[in-house]
Amino acid sequence: MSIPRFWRHNKSRYNLIGTRCVKCDETYFPPRKLCPKCRRKGELEDVNLKRTGEIVTFTVIRNPSEGWGNTDPYIMAIVKLDDGPSLTTQIVDCELEGIEIGQRVTKVFRKIHEDGDSGLIHYGFKFKPLD
Ligand code: ZN
């Protein structure tokens, strides 16, 4: 599993940057260069997405692959952002049994991958439950 390119892009690392089509008002994440609805007629601009959304579906990963830091089970979820787009993300700071569909979540900035050989540590975003 490789780190998606947009995570390495500085701007989208600290904020949740998507793109919005000026023509049809559709919001995309990860950012797109072309609106699939409007094609050449569309015009995309960067938008700073809200950091909150809700869990659409989730799964508990019980056999994490090696090299992903910790080997404890963790939760991967599809989160629908309040601004519209959905994304796949890890849910942190919660009990495995404490998550349900519809749970409100918010973005946090966390270590996502540690390369044991090179000592490189990659950061990106995850989501945690909102009280
Ligand atoms: Zn469009």
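Predicted model: local features only at pLDDT ≥ 70, side-chain atom pairs only at ≥ 80, totals over all residues.
The pairing between strand 1 and strand 3 is antiparallel and consists of 5 bridges; within it, Gly18 stands opposite Val47 of strand 3.

The zinc ion is held by protein donors from four cysteines, namely the SG atoms of Cys21, Cys24, Cys35 and Cys38, which lie 2.2 to 2.3 Å from the ion. The arrangement is tetrahedral because the 4 donor atoms subtend angles of 105 to 113° around the zinc ion, and for such a classification all angles have to lie between 85 and 135 degrees. For comparison, the ideal angle for four tetrahedral donors is 109.5 degrees. Along the sequence, the donor residues follow the spacing C-x2-C-x10-C-x2-C. Cys21 lies in strand 1 (residues 17–21), whereas Cys38 lies in the loop between strand 2 (27–28) and strand 3 (44–48), so this pair ties together parts that are 17 residues apart in sequence. Both of these cysteines fall in the buried class: Cys21 has a relative accessible area of 0%, and Cys38 counts as buried with a relative accessibility of 16%.

A further set of pairings involves strand 4, strand 5 and strand 6. Strand 4 (residues 52–61) and strand 5 run antiparallel and are joined by 8 bridges, with Thr59 standing opposite Met76 of strand 5. On the other hand, strand 5 is also joined to strand 6, again in an antiparallel manner, by 6 bridges, and here the bridge partner of Val79 is Leu87 in strand 6. Strand 5 and strand 6 form a hairpin with 4 residues between them, and in its turn Gly84 has a positive phi of about 125°. Strand 5 (residues 74–81) is largely enclosed by the rest of the structure, because 6 of its 8 residues are buried.

Another cysteine, Cys94, is found in the loop between strand 6 (86–91) and strand 7 (104–114). Cys94 is partly exposed, with a relative accessible area of 26%; this class applies because the value lies between the limits of 20% and 50%. Apart from neighbours within four places in sequence, Cys94 is in contact with Ile75, Ile99 and Pro129. Cys94 and Lys128 are 34 residues apart in sequence, and the distance between them in space is 7.1 Å, taken from C-alpha to C-alpha.

Definitions and conventions:
Residues numbered from 1 in each chain as written. Heavy atoms only, no water. Donors = N, O, S within 2.8 Å, 3.2 Å for Na, K, Ca; no water. Tetrahedral: all angles 85-135°; square planar, octahedral: opposite > 155°, others 65-115°. Helix = DSSP H or I, 4+ residues; strand = E, 2+ residues; numbered from the N terminus. Buried < 20%, exposed > 50% of the residue type's maximum accessible area, 1.4 Å probe, protein only. Contact = heavy atoms within 4.5 Å. Pairing = 2+ DSSP bridges.
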